[in-house]
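Please look through the structure shown below and keep it at hand while reading the briefing that follows. The points are grouped by topic, so that each can be followed on the model in turn.

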Amino acid sequence: MKALLLCLLLAPAALRAGDGPRFTDEAGPAGLAGVSAQNPVWADLNGDGWPDAVLGSTHGGRTTYVFLSTPTAGGGRAFYDFTADSGLNSAPAPSTAPRAGSALVFGDADNDGDLDVFSARYSEFEKPRASPAGEIVRGADGNPVYETPDDGLRSALLVNDGSGRFSHVERAGVENPPETTTSAAFLDYNNDGVLDLYAGNWYREYGVSFLCYPSRLYKGLGNGMFEETTAAAGLLTTPTEGRPDSSRPVYGVSHCDWDNDGLADLLVPAYGRQANRLWRNNGDGTFRDAGPESGFDGDAVRHGRYPAGVKRKPEPEWRSHGNTFSAACADYDNDGDMDVFLSEITHGWAGEASDRSSVLENLGKKKGFAFRRRPGLLYRVHRDTRSWNQGDMRAAWADFDNDGLADLLLASGDYPDGQYLRLFRQVKPRKFRDITAEAGLDWESSGGISVADYDRDGDLDILAGKSWMRLPAHRRGERPAPALLRNGLANGNHWLAIKLEGRGAGATNRGGVGVRVTVKAGRLVQTREIHTSQGHAGLANEQVLHFGLGQAAKADSVEVNWLTGTAVYRDAAADRYIKITEGAGLADWSPAR
C-alpha cells in the first residue's frame, strides 16, 4: 500500500486530452523492425525532401543499415532497404572486406547539394591483451600482444552521388593515424563557406592507462578534400594524464555558436570523470579552452571522495568530473543564446563528485557567457541511495507539442534499473515535467535517438535505437530493433519548418550548417542553428529547422544570418515547409511525392 501511495504521489498530473504529444511505434508497419539498431540518424540521402533512416548497429558485428523513405498507397511513408546499394559498409578499393563506421556524421563536404558522410573508425590497435590476472600478455619477443590486429582500415570520407550511393574519397586527408575515433562534427570554423571536420578520439589502451589519443581538426579545402590543422589551431593535446593540456577520452562532439560572435565553437564532452572542453573560436583560425571559466568543464564538487562504505581511494581533482557522452545545444529558454544539456552516466556508489546530467543555462553577454548549472530542472527519483544508475548517454532538444518551448528527450540505457527513453515537456519557461508515460513512450534501454518530421505532417517524430549492454535478463525479441515513434499531436498548434541552402565556397556552406535563424511570432522569439552532431557516436537530428508557433497562424518575421549578411522575411504563413536560399529569398518547399 505504501509503495502504491508513493507511486501516486510521484506520478505527474495527466495531460489534457490532445494537449501534448502522444507517440505510437510504427517501426513494424514502416519496414524497420527486421534489423538491429543502436545509433540511428535521420538524413535525406537522395535529396527528395524526405528523411531517410540510417541505422548503425553493433549487434552480431558492426554494420550500417540504410532505409530510404517511400510513399505508401494510403498516403503514408514506409522505408525500403537500400543498404547494399548505399555503399556505406564497403571498404576502399582494393579491399573487398566490409567496413562499417563506429559513428557516421553527415554534411555536404564538397558543396554539391547532397549529404556526404564522415565514417569514423573505432580501432583499438594499441590496446594490449590482458591476462585473467590483469597482466599485459607478451609474446616470445617480450613485446605486448595486442587485442586487435591492425587491418589497415581507417576513418574515411564517403561522398554522395545524389542518389544515396556513397564512394570513398581516396586520400581525402581525414584518414587519421590508427586512432580510436568515437565521434565527430562537420562545422565551418573559419567561415569560408566550406565545411571543416573535428574528430573526437578515445583512450589509447582503455582499461590499462589513462593515456588518450588527441582529437583532431581538419580544414576543408573544397571538393571533399581536407588538411589537418590541429596544431595550428591550438587544439593539439599531449599524451599525458592529469594536466590541462592532456589528451582526454572523448565520446561525443558538439558544435554551436556559444558566445553569439558568429563563430562556431567546439563542445567536447569527456569520459572517465575528466573535465569537458569548450574550445572557444578566437576568429583567427585558433581556439582556446573556455571550459574552466564558463563552467562547462564540470560541476563545483571536485573533492573526488566516494561515499562511506565504498572501498575506493578518493580521485584526484582531474578525475572528479563526469562521464559525459553528449552536449545538446539549444536556446531552450528563448533568450537568444545557446544553452546546453550535458548527458552523463552516473552511479549512486560514485558519490557527489561524479557529475549529474544537467541543463547548463547560458547567462549571456552581460555575465561573459558563463553557464549556470541546473541539474534539478529534470526531477529524477532514486529509491536506493547507493545502487542506482543513470545511463544518460544521449539527449535532444525539440518542440514536440509546437508550443514554442523546447522539450528535452533523454535516452538512458545499459543498466537494468529503469533506464528508459524519457520525455521532459517544458510546460512553461524553464519548468519541465516528465510526461514519458502520458506520451505513450515505453522504450527501455534506449540507444541513440534522432528527431525529424518523417511524415511531414507538422510534428516531430523520433527514431530510437536499442542497447542490450549489461541487460541479459531484459532482452525481448531476436535483436535490439529500433523504434519509429510517430507523433500523434492534435492540439491545433501551428508550426513552420525551414530548409536552408547556402551558396557555398566564398559565402555560406551549402547545407547552412551553423547558420542562425530567429523566428518571431507574437510574443514568441525562437533561435535555432543547424548542427551536424550533438554528442555520442554522431548523435544528430535531421538538418531542417522546426519552429512551433503555438496559436500564431504566421511568423511575424524570419531572420536568417548568412555569412554574406542578414536576410529578414515578414509575415511568413504557418503550417508549411519553406526553403530559404542565400541571396535568392524564401519559397514554399514541397518534398517530392
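In this predicted model, strand β19 (residues 339-347) is joined to β22 by 3 bridges, and the two strands run antiparallel. Within this pairing, the bridge partner of I345 is G391 in β22. Strand β22 also has 6 bridges to strand β23 (residues 407-412), again in the antiparallel sense, and here R394 has A411 in β23 as its bridge partner.

**Strand β22 and the largest cavity**

- Strand β22 is largely enclosed by the rest of the structure, because 10 of its 10 residues are buried.
- A search of the whole structure finds 3 cavities of 30 Å³ or more, and the largest cavity holds about 490 Å³ of space.
- The largest cavity is lined by 32 residues, of which W397, R528, E529, N541 and V544 are the closest to its centre.
- At least two lining residues of the largest cavity are supplied by each of the strands β18 (323-330), β22 (389-398), β26 (446-452), β31 (524-529) and β33 (545-550).
- Among the contributors to the lining of the largest cavity, β22 gives the most, with 4 residues.

**Strand β28 and its partners**

- Strand β28 (residues 483-487) is mostly covered, since 4 of its 5 residues are buried.
- Strand β1 (residues 23-25) pairs with β28 in the antiparallel sense over 3 bridges, and in this pairing T24 stands opposite R486 in β28.
- Strand β27 (residues 461-466) likewise pairs with β28 in the antiparallel sense, over 3 bridges, and I462 is found opposite L485 in β28.

**An open sheet of four strands**

- Four strands form an open sheet in the order β2-β3-β4-β5, and their pairing is antiparallel.
- At the edges of this sheet are β2 (39-43) and β5 (77-81), each of which pairs on one side only.
- On average, neighbouring strands of this sheet are turned by 25 degrees against each other when direction is ignored.
- Inside the order, strand β3 (residues 52-57) pairs with strand β4 (residues 63-71) in the antiparallel sense over 5 bridges, and the bridge partner of S57 in β4 is T63.

**Nonpolar cores**

- In soluble globular proteins, nonpolar side chains tend to be buried together.
- The largest nonpolar core of this model has 41 residues, and those that touch the most other members are I498, L500, V517 and V558.
- Strand β34 (residues 554-562) provides the largest share of this core, namely 4 residues.
- Apart from this core lies another, of 20 residues, which includes L423, I435, I462 and L539.
- Leaving out residues up to four places away in sequence, V517 touches I498, L500, Q526, T527, R528, L545, F547, V558, E559 and V560.

- With a relative accessibility of 12%, A574 counts as buried, because the cut-off for a buried residue is under 20%.
- When neighbours within four places in sequence are set aside, A574 is in contact with H494, W495, L549, A552, A553 and K554.
- A574 and A521 are 53 residues apart along the chain, and their C-alpha atoms are separated by 9.9 Å.

- Most residues other than glycine have a negative phi.
- N111 has a phi near 55 degrees, which is a positive value in a residue other than glycine.
- N111 is located in the loop between β6 (103-107) and β7 (116-120), and with 15% relative accessibility N111 counts as buried.
- N334 also has a positive phi, near 55 degrees, although N334 is a residue other than glycine.
- The place of N334 is in the loop between β18 and β19.

Notes: Residues numbered from 1 in each chain as written. Predicted model: local features only at pLDDT ≥ 70, side-chain atom pairs only at ≥ 80, totals over all residues. Heavy atoms only, no water. Buried < 20%, exposed > 50% of the residue type's maximum accessible area, 1.4 Å probe, protein only. Pairing = 2+ DSSP bridges. Axes fitted to C-alpha atoms, helices over the stretch in contact; angles between N-to-C directions. Core = buried A, V, L, I, M, F, W, Y, C linked by side-chain atoms within 4.5 Å. Contact = heavy atoms within 4.5 Å. 1 Å grid on protein atoms, 1.4 Å probe; cavity = no way out; pocket = protein on both sides within 12 Å on 5 of 7 lines; lining within 4 Å. Points joined across faces, edges and corners; volume = space filled by probe spheres on them.
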